[in-house]
Amino acid sequence: MQGVTLTDIETDQEAAARGGAMVYVCVTCRRPGDPEDGPRPGLTLARAVAEAAEGTGVAVCEVECLANCSRSLSAAMRCNGAWTYIFGGLDPDRDAEALIAGARLLARAEDGILPWRGRPDVLKRGLIARVPPPDFAEKDFKEKTE
């Protein structure tokens, strides 16, 4: 990575851990045509994400279902005080590092919104939904847009 120093990386790791950066991966996800009795690609994705998260400060949690079956494979990311993002159409061989990069970006976002700039492409095209944090008030949104 150009322009990134060890100090930047350490700060990023600390921000991810302090912000409670978490990626949830659906382990029951299958794609259309995957065999019923074969290994679940969602579990493969979860393992790849956990491996990509090592040393980053991002926690990974396996979940049984994110109810996004029509756009599987699925994962969600959240941080304390931030919006939660849900993604689909993920690939275990390609997208694990992108999920961790996104969680790290979200952990550094002062406004709690995953920035578009710098976001891995799969997190742009695979976005299913974003959910406001528990303390979100519509008033806050209206004041910023008026």
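**Figure 1. Burial and overall make-up of the chain.** Of the 146 residues in the chain, 38% are buried. The model is predicted. Its secondary structure comes to five helices and five strands. Read from the N terminus, the order of elements is α-β-α-β-β-β-α-α-β-α. Take the contacts between residues at least 6 apart in sequence: 68% of them join residues at least 24 apart. The chain exposes about 8,700 Å². Carbon and sulfur atoms supply 51% of that area.

**Figure 2. Helix H2, from end to end.** Helix H2 covers residues 41-53, which makes 13 residues. At 1.5 Å a residue, H2 should span 18 Å. Just after H2 comes Gly 55. This glycine takes a positive phi of about 80 degrees.

Figure 3. Six names belong to the buried set in H2: Pro 41, Gly 42, Leu 45, Ala 46, Val 49 and Ala 53. They cover an arc of only 145 degrees around the axis, and therefore lie on the same side of H2. An α-helix has 3.6 residues a turn, so residues three or four places apart point the same way. The other side of H2 holds Arg 47 and Glu 51, which are exposed.

**Figure 4. The aromatic pair, Tyr 85 and Phe 87.** The structure holds one aromatic pair. Tyr 85 and Phe 87 form it, and their rings are stacked. The ring centres lie 6.4 Å apart, with 15 degrees between the planes. Both Tyr 85 and Phe 87 are buried.

**Figure 5. Arg 130 over the ring of Trp 83.** Here a charged group meets an aromatic ring. The charged end of Arg 130 sits over the ring of Trp 83. The distance to the ring centre is 4.1 Å.

**Figure 6. Ser 72, a buried loop residue.** Ser 72 lies in the loop between E2 and strand E3 (75-78). Its relative accessible area is 11%, so Ser 72 counts as buried; the cut-off is under 20%. Leave aside the neighbours of Ser 72 within four places in sequence. Ser 72 is then in contact with Cys 29, Arg 30, Arg 31 and Gly 89.

How values were computed. Residues are numbered from 1 along each chain as its sequence is written. This is a predicted model: local features need pLDDT of at least 70, side-chain atom pairs count only at pLDDT 80 or more; totals for chains, interfaces and linings use all residues. Side-chain values use heavy atoms; hydrogens and water are left out. Rings of Phe, Tyr and Trp (its six-membered ring) pair if their centres lie within 6.5 Å; planes under 30 degrees apart count as stacked, over 60 as edge-to-face and the rest as tilted. Buried means under 20% relative accessible area, exposed over 50%, partly exposed in between (1.4 Å probe, protein chains only). A charge sits over a ring if NZ of Lys or CZ of Arg is within 6 Å of the ring centre and within 35 degrees of the ring normal. Helices (H or I, at least four residues) and strands (E, at least two) are DSSP runs, numbered from the N terminus. The expected span of a helix is 1.5 Å times one less than its number of residues. The arc is that of the directions from the helix axis to the C-beta atoms. Contact means heavy atoms within 4.5 Å. Accessible areas come from the Shrake-Rupley method with a 1.4 Å probe; for residues, only the protein chains shown count as cover.
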